[in-house]
Each structure stands twice: as structure tokens, then as C-alpha cells.
Amino acid sequence: MHILYEVKDRIATLTLNRPEVANAQNMALLDELDAAWTRAAEDEDVKVVLLRAEGKHFSAGHDLKDRWPAPDEITLEWIYRAEARRYLEYTLRWRNLPKPSIAAVQGRCIAGGLMLCWPCDLIVAAEDALFSDPVVTMGIGGVEYHGHTWELGARKAKEILFTGRPLTAEEAEKVGMVNRVVSRDELDAATRELAEQIAKMPAFGLRQAKRAVNQTLDVQGFYAAVQSVFDVHQTGHGNALSVSGYPILAKLDEMKEKLR
């Protein structure tokens, strides 16, 4: 079981439970997580969803040691279909869940890890949290769910992508990506307190407030941009497929091993 699910005081807590691999996301974890989000959405007793992670790190991103069932010959069409489902469709569904959501982030949050916290409405970060998307070093322009420009602003997004350096929790709070920064020891309690405060509000009012903000972002171009930049992301895979040995996978494996 890669996802723990608990409901208490009208708050559904979804916990990433692969601390032994820095909560890297294999296929099973993503499917279980999507099922947990759906369960919370359909439970009338749940008013707020809280996403957290066990262990030192929130998430090291995609688990490249998890080889999805694939044809003998990997094609761009196959990659596109597989990622459209688990990376794009899942994240957009979580983002549009008609209930407020909060992510509690500690340690490293790398590439695919951003695709877990960015769809949440609020983010509370521990002081040791580091957010990064280093996939430009692999010949890809950014992780599949392009929240970068919206979360950071154009120039900061370019800096983080061009250099691959991590964004600290303090920096993330300054640009508005993170709502609050607390000590590591206080992370769970502070996030829970915020969730309890929100859970006291009328459910319909919360739903409408979330819809108003998300719809405004969509009118500004968020939804169309995320869809189109997903296609840009796929050109990186197309380029990698033209190189013998598909070196992107080896590079990612090397980076993930350093966190274990």
C-alpha cells in the first residue's frame, strides 16, 4: 500500500508511503493516489483534503526503476498516451477537485514531486523544503505539468529551469508558491490546524470560492497552456528516442540514487 488514507474531523489525509525510496512515484502509487483523491471527492463527510508524505522527503519524483508495461519498441505515441493519463489527466483532476486541498512538503520535492503539490490549493512547507525541476539537464524543457510560470512568474520559472537549482521554502513563499513556512517539527501540526480552520467554513462556499479562483486562472490561459506545454514536453522524449540507449532514463536513475 503506497497511499495511506484517513478521515478525521471532516479532513481526509492522503499520505505518500514510500519513504524508503524518498516517495518516488511508481505506477501503483499514482493509481492509488488518484483513487484516494476520488474517494475524498465523493465522500460527503470530507470538506478538506490534506496531502502529506512519510519520511525525510516529500517526493523524489518519477520512479524510473518502475518500468511500466511497454511494447518491445518504445515509441513517442506510446509515451504520449501513458503520460497523458497518469501525469496530465491525474494532476488536472486533483487540481479541480471541488474541495479545498493542502499539501505539506518537507525535504526534497523534485520534478514529478511538483506535480503532486502544485495541484493543491495551498502549500505549507517545512524550512528544509527544496523545490526543483532539473529535467532540462536531460534534454526536456520541464516536467509534464507546467505550473512553473503560474507558480513562480516567468523570470523565476526560467531561472529554475535553466539552472536546475532548487528553490528554497523561503524563496517559494516570497513568490507566492508557498503559503506558509514552518519548522520541520511543526509541519504536520501547522498543516492540520490550517485544514481544521478551513473545515469550519460552509462546504458550498468553499467550493464556489475555489471554482472562482481556478476559473479566473483558466480564463487567463492556465488550462490551455498546461495542455500545450505537455506537447512541448513530449518533444524531449522524441529527441531522446533518436539517441541510442535513451540516455534520459540513465541520467534520472543516477540523480535519484543520490537521495537514497
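**Close-up views of the predicted model**

**View 1. Open sheet of strands β5, β7 and β8.** Three strands form an open sheet in the order β5-β7-β8, with mixed pairing; two strands count as paired if DSSP finds at least two bridges between them. The edge strands, β5 (108-110) and β8 (167-168), each pair on one side only. Strands (E, at least two residues) and helices (H or I, at least four) are DSSP runs, numbered from the N terminus. β7 and β8 run antiparallel and are joined by two bridges. Opposite phenylalanine 131 stands leucine 167 in β8. This is a predicted model, in which local features need pLDDT of at least 70 and side-chain atom pairs count only at pLDDT 80 or more, while totals for chains, interfaces and linings use all residues. Residues are numbered from 1 along each chain as its sequence is written, and side-chain values use heavy atoms, with hydrogens and water left out.

**View 2. The largest cavity and its lining.** The count comes to one cavity of 30 Å³ or more. A cavity is a set of points, on a 1 Å grid over the protein atoms alone, where a 1.4 Å probe fits but cannot get out. The volume of the largest cavity is about 60 Å³, taken as the space filled by probe spheres set on the points, with grid points joined across faces, edges and corners. Its lining consists of Leu114, Trp118, Phe131, Ser132, Asp133, His148, Leu152, Ile160, Leu167 and Met177; lining residues have an atom within 4 Å of a point. Two or more lining residues come from each of β7 (130-132) and α4 (148-152). By class, seven lining residues are nonpolar, two are polar and one is charged. Ala, Val, Leu, Ile, Met, Phe, Trp, Tyr, Cys and Pro count as nonpolar, Asp, Glu, Lys and Arg as charged, and the others, Gly among them, as polar.

**View 3. Strand β2 between its partners β1 and β3.** In β2 (residues 11-16), six of six residues are buried, that is, under 20% relative accessible area, with exposed meaning over 50% and partly exposed in between (1.4 Å probe, protein chains only). Ile11, Thr13 and Thr15 point one way from the strand, and Ala12, Leu14 and Leu16 point the other way. Six antiparallel bridges link β2 to strand β1 (residues 3-8), and leucine 4 has threonine 15 of β2 as its bridge partner. The β1-β2 hairpin has two residues between its strands, and aspartate 9 in the turn has a positive phi of about 55 degrees. β2 also runs parallel to strand β3 (residues 48-53), joined by six bridges; the bridge partner of isoleucine 11 in β3 is valine 48. From β2 the chain passes through helix α1 (residues 27-42) to β3 in a right-handed β-α-β crossover. Right-handed means that, with the strands pointing away from the viewer, the path from the first strand over the helix to the second runs clockwise.

**View 4. Strand β6 with β4 and β9.** β6 (residues 122-126) has four of its five residues buried, so it is largely enclosed by the rest of the structure. Strand β4 (residues 101-105) runs parallel to β6 over four bridges, with valine 105 opposite alanine 125. Strand β9 (residues 180-182) pairs with β6 in the parallel sense over three bridges, with alanine 126 opposite valine 182.

**View 5. Buried and exposed residues of helix α5.** Within α5 (residues 154-163), Ala157, Ile160 and Leu161 are buried. Seen down the axis of α5, the buried residues fall within an arc of 95 degrees, so they line one face of the helix. The arc is that of the directions from the helix axis to the C-beta atoms. On the face turned away from the buried side are the exposed residues Arg155, Phe162 and Thr163.

**View 6. Loop residues asparagine 23, alanine 111 and methionine 201.** Most residues other than glycine have a negative phi. Asparagine 23 has a positive phi, near 55 degrees. This residue lies in the loop between β2 and α1 and is buried, with a relative accessible area of 0%. Alanine 111, in the loop between β5 and α3 (114-117), has a positive phi of about 45 degrees and is buried at 10% relative accessible area. Methionine 201 lies in the loop between α7 (187-199) and α8 (203-219) and is partly exposed, with a relative accessible area of 47%. Methionine 201 and lysine 47 are 154 residues apart in sequence and 8.8 Å apart in space, C-alpha to C-alpha.

Methods
1 Å grid on protein atoms, 1.4 Å probe; cavity = no way out; pocket = protein on both sides within 12 Å on 5 of 7 lines; lining within 4 Å.
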